[in-house]
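Morning, everyone. One model today, and a few minutes on its surface and its annotated spans.

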Amino acid sequence: MSNILPAITFVMAWVLRMEKLKINSIRSQAKIMGTVATVAGAMLMTLVKGPVIELFRAKGSSTPELQGAGLTLKHSIKGSLMITVGCFSWAAFMNLQAITLRTYPAELSLTAWICILGTAQGAVVALIMERGKASVWSINWDAKFLAAVYSGIVCSGFAYYIQGVVMKDRGPVFVTAFSPLSMVIVAVMSSFILAEQMTLGRVMGAMVIVAGLYLVIWGKSKDYKSESLITDEQTTQAKQLTDSGNNGDLIPCHGVITINASNEGTMTVEEQKRDKGNQNKPSN
């Protein structure tokens with residue numbers, strides 16, 4: 001369900017007018033189709049199994065899957081609602097980061113603030129949820145500590161900084177479009193590391209996700225090129241107007257001020273005395 005993040009981010013960015021959308025435009029249609037394809041590919045990898053594809057590393061071995069041990073309909077609905085709220089919150093965070101970067105374009109400083117505030121919020125939540133349990137705050141040199149360090153340095157520090165740099169130029173939709181790709185990477189790595197079985201549904205879903213990502217990237221690249229052309233045209237027109245004004249003996253106001261200031265600064269002492277004498281003469 002977390003793979004609906006690109007679709008939610010796309011809708012939020014369009015509502016906030018951060019993403020331009022024209023139904024008749026080919027690049028807008030490509031972005032819409034690509035976003036839908038990434039979500040559909042992720043759902044395809046999850047829901048469709050198909051025949052098993054034997055890999056050279058995972059032959060004859062498989063990892064047993066949990067068949068919903070202790071799972072009830074009430075827990076399923078509650079979990080689905082919480083995941084949906086989490087997706088909306090994450091999409092809102094992406095759009096908020098893009099809005100913040102417009103007035104605060106310091107990606108590294110913004111990343112530090114995000115991590116500091118996230119640490120403070122996480123500490124408050126942990127104190128509330130784990131009250132009276134001092135053992136949970138102990139640090140042990142185990143897999144949990146390694147996971148926390150990796151998550152803090154790579155998944156938070158590096159990821160927030162890189163996505164801020166990319167987001168400032170390409171927008172939040174471009175960044176979140178790559179989130180379903182993690183599902184493809186996990187599926188491939190789990191086949192080699194954990195000896196999980198690779199099924200035809202996973203392969204088909206991965207192909208659909210890659211196709212959707214290509215459509216989104218193509219549409220965003222066209223938007224980026226069109227914006228660059230508009231900016232270049234505006235710069236060229238402004239330069240032509242400036243050149244034509246100078247060639248037509250039209251001197252801007254700042255030029256007149258500069259010329260007058262330079263003339264006053266180059267007056268000799270005799271000219272200054274003569275000028276003062278003329279000013280002191282009584283007028284007829």
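Helix 5, residues 143-170, gives the nonpolar patch its largest share: six residues. Helices here are DSSP runs of H or I with at least four residues, strands are E runs of at least two, and both are numbered from the N terminus. This is a predicted model, where local features need pLDDT of at least 70, side-chain atom pairs count only at pLDDT 80 or more, and totals for chains, interfaces and linings use all residues. Residues are numbered from 1 along each chain as its sequence is written, and side-chain values use heavy atoms, leaving out hydrogens and water.

Now the patch itself. On the surface, Leu 108, Val 149, Ile 153, Phe 158, Tyr 161, Ile 162 and Val 165 together have about 640 Å² of accessible area. That area is Shrake-Rupley with a 1.4 Å probe, and for residues only the protein chains shown count as cover. Patch members need over 30% relative accessible area and no salt bridge; nonpolar side chains (Val, Leu, Ile, Met, Phe, Trp, Tyr) are joined within 5 Å, like charges within 9 Å. A salt bridge puts a Lys or Arg side-chain nitrogen within 4 Å of an Asp or Glu carboxyl oxygen.

Take Val 149, in helix 5. Its relative accessible area is 32%, so it counts as partly exposed (buried is under 20%, exposed over 50%, partly exposed in between; 1.4 Å probe, protein chains only).

Next, Arg 17. It sits in the loop between helix 1 (5-15) and helix 2 (26-47). Arg 17 is exposed, at 77%.
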